[in-house]
Amino acid sequence: MVKKKIIELIIEEYPGPEELSKEEQLLLNEAIKASKHAYAPYSHFSVGAALMLDTGEIITGNNRENASFPAGACAEHTAVAYAGSQYPGSVITSIAICARKGKDFTDIPVSPCGICRQVLSEEEDRSGKKIKIILYGKSGIYIINGIENLLPLRFSSSVICP
Ligand code: THU
């Protein structure tokens with residue numbers, strides 16, 4: 001007898017930035033600003049990420065492309081790597097992500113790629129704290145509390161270091 005396991009993902013949907021808290025709006029604005037400095041001459045898809053540390057410090061990142069495509073880096077990964085190297089032991093509490101093609105931000109909320117989800121998962125495992133993930137789209141904003149709601153059945157350190 002096969003058992004079906006149903007996984008529930010909880011995503012809060014907001015119609016626009018006005019509905020967000022002041023802190024969430026601030027973080028989103030920083031992500032929007034960061035997207036303007038993306039280096040995306042190949043895809044023209046400019047991604048901005050802004051993350052907040054538990055100290056209140058905000059770190060931003062954007063995608064950095066390369067003529068050898070796999071050598072590029074995503075916005076989220078850039079921001080997380082900067083935070084880890086400049087603020088050792090830092091705890092990420094939230095991250096806002098947005099993307100635009102040319103001048104237009106995406107209609108639907110942009111969602112981190114698989115590798116970036118895994119990178120955020122590692123940060124949660126390392127700090128023991130859930131990360132609030134704010135995904136911006138012109139038609140709405142998603143807020144996701146904890147990577148488990150974006151990456152179910154994730155591979156985590158508890159498997160290799162039980
Ligand atoms: N990209 C990001 O920066 N973050 C993601 O989560 C998805 C994709 C970038 C990589 C590449 O520079 C461009 O978007 C198009 O894939």
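**Notebook: pocket, salt bridges and surface of a predicted model**

I began with Cys74, which at 31% relative accessibility counts as partly exposed, where partly exposed is the range between buried (under 20% relative accessible area) and exposed (over 50%), taken with a 1.4 Å probe and protein chains only. I note that this is a predicted model, in which local features need pLDDT of at least 70 and side-chain atom pairs count only at pLDDT 80 or more, while totals for chains, interfaces and linings use all residues. I number residues from 1 along each chain as its sequence is written, and side-chain values use heavy atoms, with hydrogens and water left out.

I placed Cys74 in the loop between strand S3 (58-62) and helix H2; helices (H or I, at least four residues) and strands (E, at least two) are DSSP runs numbered from the N terminus. From its C-alpha atom to that of Ile115 I read 9.0 Å, although the two residues are 41 apart along the chain.

Which residues lie nearest the centre of the largest pocket? I found Asn63, Glu65, Ala73, Cys74 and Ala75 there, out of 22 residues that line the largest pocket. A pocket here is an open set of points on a 1 Å grid over the protein atoms alone, where a 1.4 Å probe fits and protein lies on both sides within 12 Å along at least five of seven lines; lining residues have an atom within 4 Å of a point. I recorded about 360 Å³ of space in the largest pocket, the volume being that filled by probe spheres set on the points, which are joined across faces, edges and corners.

When I sorted the lining by element, strand S2 (45-53), helix H2 (75-86) and H3 each supplied at least two residues, and H2 gave the largest share with three.

**Entry: two buried alanines**

I next looked up Ala50, which sits in strand S2 and is buried, with a relative accessible area of 0%. Its C-alpha atom is separated by 7.8 Å from that of Glu76, which is 26 residues away along the chain.

Ala31, in helix H1, is also listed as buried, with a relative accessible area of 0%. Here I took the C-alpha distance to Leu9 and found 24 Å in space for 22 residues in sequence.

**Entry: salt bridges**

How many salt bridges does a search of the whole structure find? I count five, with a salt bridge taken as a side-chain nitrogen of Lys or Arg within 4 Å of a carboxyl oxygen of Asp or Glu.

Lys132 is partly exposed at 23% relative accessibility, whereas Glu24 is buried at 11%.

In another, Asp125 forms a salt bridge with Arg154, and their closest N and O atoms are 3.4 Å apart. Asp125 lies in helix H3 (residues 114-127) and Arg154 in the loop between strand S7 (140-145) and helix H4 (157-160), so this bridge ties together parts that are 29 residues apart in sequence. I noted both as partly exposed, Asp125 with a relative accessible area of 28% and Arg154 with 26%.

I also noted the salt bridge between the side chains of Glu148 and Lys130, at 3.5 Å, N to O. Glu148 is in the loop between S7 and H4 and Lys130 in the loop between H3 and S6, so the pair joins parts 18 residues apart in sequence. Glu148 is partly exposed, with a relative accessible area of 41%.

I found a nonpolar surface patch of about 390 Å² made by Ile7, Leu9, Ile11 and Leu153. A nonpolar patch joins Val, Leu, Ile, Met, Phe, Trp or Tyr side chains within 5 Å, each residue having over 30% relative accessible area and no salt bridge. Ile11 is found in the segment before strand S1 (12-14), and it is partly exposed at 40%.

Leu153, in the loop between S7 and H4, is exposed, with a relative accessible area of 72%. Leu153 has a positive phi of about 55 degrees although it is not a glycine. I marked His44 too, with a positive phi of about 55 degrees; it lies in the loop between H1 and S2 and is partly exposed at 48%. I flagged these angles because most residues other than glycine have a negative phi.

How values were computed. Patch = residues over 30% accessible without salt bridge, like charges linked within 9 Å, V, L, I, M, F, W, Y side chains within 5 Å. Areas by Shrake-Rupley, 256 points an atom, 1.4 Å probe, with all protein chains shown as cover.
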